[in-house]
Amino acid sequence: MAAEIVNPRSDGTKDHDAGGEPLDSFDPAFALHRGGKMAVQATVPIRDKDDLSLAYTPGVARVCTAIAEQPELVNDYTWKSSVVAVVTDGTAVLGLGDIGPEASLPVMEGKAILFKQFGGVDAVPIALACTDVDEIVETVVRLAPSFGGVNLEDISAPRCFEVERKLQERLDIPVFHDDQHGTAVVTLAALRNAARLTGKGLADLRAVISGAGAAGVAIAKMLVEAGIGDVAVTDRKGVVSADRADLTPVKRDLAGFTNKAGLTGTLEDALAGANVFIGVSGGTVAEAAVASMAEGAFVFAMANPNPEVHPEIAHKYAAVVATGRSDFPNQINNVLAFPGIFAGALQVRASRITEGMKIAAAEALAGVVGDDLAADYVIPSPFDERVAPAVTSAVAAAARAEGVARR
């Protein structure tokens, strides 16, 4: 079965604005979303009684019996090995915050069609009416027999870390929190190319990350794993450092492997002399703080819709500027990562997604840019048809190398 985009319809039913007109009569976003963005499509025809007897009873019973006797056959004779559950509790949806499971569905549908469009992976949106960590975990574990992987989406920090960890412990299929790891993969890819463009190595760079939530923590871990010289992470109270008494368990762990320089103080203090700024928190960084960075710095201001540093300001001081927006060059967009990562993991029926698989994805993504590397082109477009195959192949190879592939 497959997910497909449904053509919008406009039947004028009941969803009106205050003036009485259907919402989709004047807003193209509502027109696109009417009826949802997905449908279920059969991959086999049912034209006559013979087709029916094979697709359903009695033929289906033979397949069920075979799977009961050899459970691994489920991957060959159902859609399990090629479909991902996109799971949310609606507590951290885009920039909208805790808007609930129903309101999250348009985003989850969007995520599912991106899986299909950019990775050829079928995905099913699942919005849960619970926010307790153990209830989420138990629910997903019970749903897991139907899926080859789980993409966690828009679950607020710090609960998202625990949900992912517990699911990874209990399931033998890939579990991937895209808000964390997808962002980190694309950021690392762009950073590798920015460093290559300016003749630097990752080990030469000191980075400052604004935001110690899901994305900030994952980016910090990946940059350290990839060999960056140093990275400091800041939250609302300043640099996350071991001498702070107010740290959560996640931030205490973060302080243990970051900030080798022992920085303290504010984000602005940390930026003085830094080579890289990575923004995943929102807010505004003062121009004076950007000006205090090292010559030839990189500014990745990824908050949407308002970057922490507007590109016009960043370009005054930085050699490479990236944002999370599609209307500026160098968009750090998760869609560059998650479709290919899951496609590669599903291709080899990986039991999990390792750090090595993520780094392989980042290296492959960076490699797509090749000799076209330029200050306004350190990361490819999501519509570059080379992206998903390159990431898929690299992730599958890394899974085999790391011993988590099952075929």
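Biologist: Before we start, what should I know about the numbering and the cut-offs?
Modeller: Residues are numbered from 1 along each chain as its sequence is written. The model is predicted, so local features need pLDDT of at least 70, side-chain atom pairs count only at pLDDT 80 or more, totals for chains, interfaces and linings use all residues, and side-chain values use heavy atoms, with hydrogens and water left out.

Biologist: How many salt bridges are there?
Modeller: A salt bridge here is a side-chain nitrogen of Lys or Arg within 4 Å of a carboxyl oxygen of Asp or Glu. Counting by that rule gives a total of 23.

Biologist: Which helices hold R192 and E363?
Modeller: Their side chains meet in a salt bridge, 3.5 Å from N to O. The pair links distant parts of the chain, 171 residues apart. Helices (H or I, at least four residues) and strands (E, at least two) are DSSP runs numbered from the N terminus. R192 is in α8 (residues 178-197) and E363 is in α15 (residues 355-369).

Biologist: What is the distance between the closest N and O atoms of D327 and R325?
Modeller: R325 is partly exposed, at 22% relative accessibility. Its salt bridge with D327 has those atoms 2.6 Å apart.

Biologist: What is omega for the cis bond from A157 to P158?
Modeller: P158 sits in the loop between β5 (149-152) and α7 (159-170). For the bond from A157 to P158, omega is near 5 degrees.

Biologist: What is the relative accessible area of N330, a residue with positive phi?
Modeller: N330 is not a glycine, yet its phi is about 60 degrees. It lies in the loop between β12 (318-323) and α14 (338-347). N330 is buried, with a relative accessible area of 5%.

Biologist: Which loop holds R349?
Modeller: R349 also has a positive phi, about 50 degrees, although it is not a glycine. At 16% relative accessibility, R349 counts as buried. Its place is the loop between α14 and α15.

Note on methods: Buried < 20%, exposed > 50% of the residue type's maximum accessible area, 1.4 Å probe, protein only.
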